[in-house]
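Hi,

Here is the structure I promised to pass on.

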Amino acid sequence: NSRRSGQYTMNHDNSKKTPDGASVDRSGSQDSLDELSLDDYFKEIENIHETRRNNHEEREALVVKEPDEGELEEEWLKEAGLSNLFGESTGDSQESMVVLSTLTRTQKAAVEKRVETVTQTLRKKNKHHQIPDVRDIFRLQSDPKEKVCDENEPSAVRTTENRSGTQDETKGPKFSVGTNEQKTPPQDMPFSETDLNLEIPFAEQAANTKDSSVGKMCKGGGGDTLPLNFRLPKDKTGTTKIGDLAPQDMKKVCSLALIELTALYDVLGTEFKQQKAAKIKTKDSGLFGVPLSVLLEQDQKKVPGTKIPLIFQKLISQIEEATLETEGLLRIPGVATRVKTLCQELEAKFYEGTFNWENVKQHDAASLLKFFIRELPQPLLTVEYLKAFQDVQNLPTKKQQLQALNLLVILLPEANRDTLKVLLEFLQRVIDHRDKNKMTLNNVAMVMAPNLFTFHGFGSKTIEQSEFVMAAGTANVMRFMIQHQKLLWTIPKFLVNQVRKQNAESQKKEKKDKAMKKLLKKMAYDREKHEKQDKVPNDADVPQGVIRVQAPHLSKVSMAIQLTEELKASDIVARFLSQKSGNVQTLKKEEVFLYEIGGNIGERCLDDDTYMKDLYQLNPNAEWVIKPK
């Protein structure tokens, strides 16, 4: 059976002759990616080419634009929320100053580098608008008593803490980027090699270990050969997952993640460049070859609120209905002519609801799923970040690779991220049946990597030996994404804390602006003062160490809760749910969550193990509400 990839043989002599052989072996050692696994990769490439030949459709290749000098950096600053540091809008840079005031030393260095490139480009082009000196930008948001960016500071984390939490604010909460409210230097933090430290910014960790013996030991694409199972140490203020934050805070997280990822790559000496595709004409209806955004727009008319394309969901459920124990699932392709016919029928009948799913064989459904991913007009991992995902394999240690992947997942557009999550969860379920289906983590990674990483215009015209290196490398990245998907969908605490700082800084500025208006409008000032006085007694109703929790959807709509050292979010939800009433719709524990709203965060869904007293100290002005997600 020519479709059985186990019997497919490639020219292994070629692979042994390649000067990059060492690289392949190094990558392979991460979990013994043997030659048979690599056969799976190249057999999948062959199947992809055969599908394209059978379809007789020459798709327009995605062309990556060569950017003009300074264009990438200008775009980067825009996405980082710092575009008003240059150009015509330099006067209105208050928002950017707030962002800069919360950055670490390595993050600031990354911003400085890009601002410098943009300003030099603008000077060359003789643009007639204000071009500030990069040093002035950082001086503007520093204390006059402080140095701009002291390279000799032993801990950039402490530098940032000092800048954003000034000494006279002793009453306010002390949230730090990476110190966990301790004065211990980062290198003394009690984290083991397999713990993923989300409290200290990743670039700071890399800078602190770069010259140490650990750093030297781990040079070269994950030189640590044993596969590590990373874990997240418990955070008393709760773990924040993607989807837990309000959109305005998530936008800030994305901007900071871009700055942090760039800083991490800068520290590790790896080039990080976002790519841009030249615009191509795309379909505005249908199923295959349609942009995710268009698909979701279509689907939301049928199923309001859906976040994953309906065809994608249906193909996965079709594969699972037939049992995940089928040997060679995902590896053995469907019959090419039958898959082509199914494609055409689905295009015509899927939305009408007249397509007959009963006759769809499992391997055909799996081929359709992979075809759907490949046919997206832009890669699921996006044109901007596809190369960055590929380049993760070049980072020195597995921990740094995982940190970079974490930031890249955060940076993906919501539709891409949600679809990727559903895909990875499905792949893990396939792997869970490996004893029967013979599809191990390695096999699945090898089969799926070409579908996510080789794209029209990307990697398809490379010479054989670099394809060989790419096979092992991208399969390792694919395996890492499947294996550590739960970690990858966690928002690092240091990013959440930086958002809290930005919100606190913005609120301080807003208060100052309000004070000015009060002076100019005395009547308005008196009225506002009166309203404030009215609010004080209400706040005083709640004694110290007690929080008021609202639950508008439950029978008990409000409760004063005494904070103790051991009180968790789950305890509060349980307490409310125990108050039964026949009049109100009964909600189960898994249907409602405790939210932290306002203060220094927009809105955050709390995980069950959040210690409420610790979180209250971090955000004493928050309101607490129990509601469905």
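Some terms first: helices (H or I, at least four residues) and strands (E, at least two) are DSSP runs, numbered from the N terminus, and two strands count as paired if DSSP finds at least two bridges between them. This is a predicted model, so local features need pLDDT of at least 70 and side-chain atom pairs count only at pLDDT 80 or more, while totals for chains, interfaces and linings use all residues. Residues are numbered from 1 along each chain as its sequence is written, and side-chain values use heavy atoms, with hydrogens and water left out.

Now the sheet. Five strands form an open sheet with mixed pairing, in the order β4-β3-β7-β5-β6. β4 (558-562) and β6 (601-605) sit at the edges with a single partner strand each, so one side of each has no neighbour in the sheet. On average, neighbouring strands are turned by 25° against each other, direction ignored (axes are lines fitted to C-alpha atoms, for helices over the stretch in contact, and angles run from 0 to 180 degrees between N-to-C directions).

β5 (residues 592-598) pairs antiparallel with β6 over four bridges, and Y595 stands opposite C605 in β6. E596 faces R604 in β6 and has W624 as its bridge partner in β7. The β5-β6 hairpin has two residues between the strands, and G599 takes a positive phi near 70° there.

Elsewhere, helix α16 (residues 383-391) is mostly covered, with seven of its nine residues buried (under 20% relative accessible area, 1.4 Å probe, protein chains only). Among them are Y385, L386 and F389.

Cheers

Methods:
Buried < 20%, exposed > 50% of the residue type's maximum accessible area, 1.4 Å probe, protein only.
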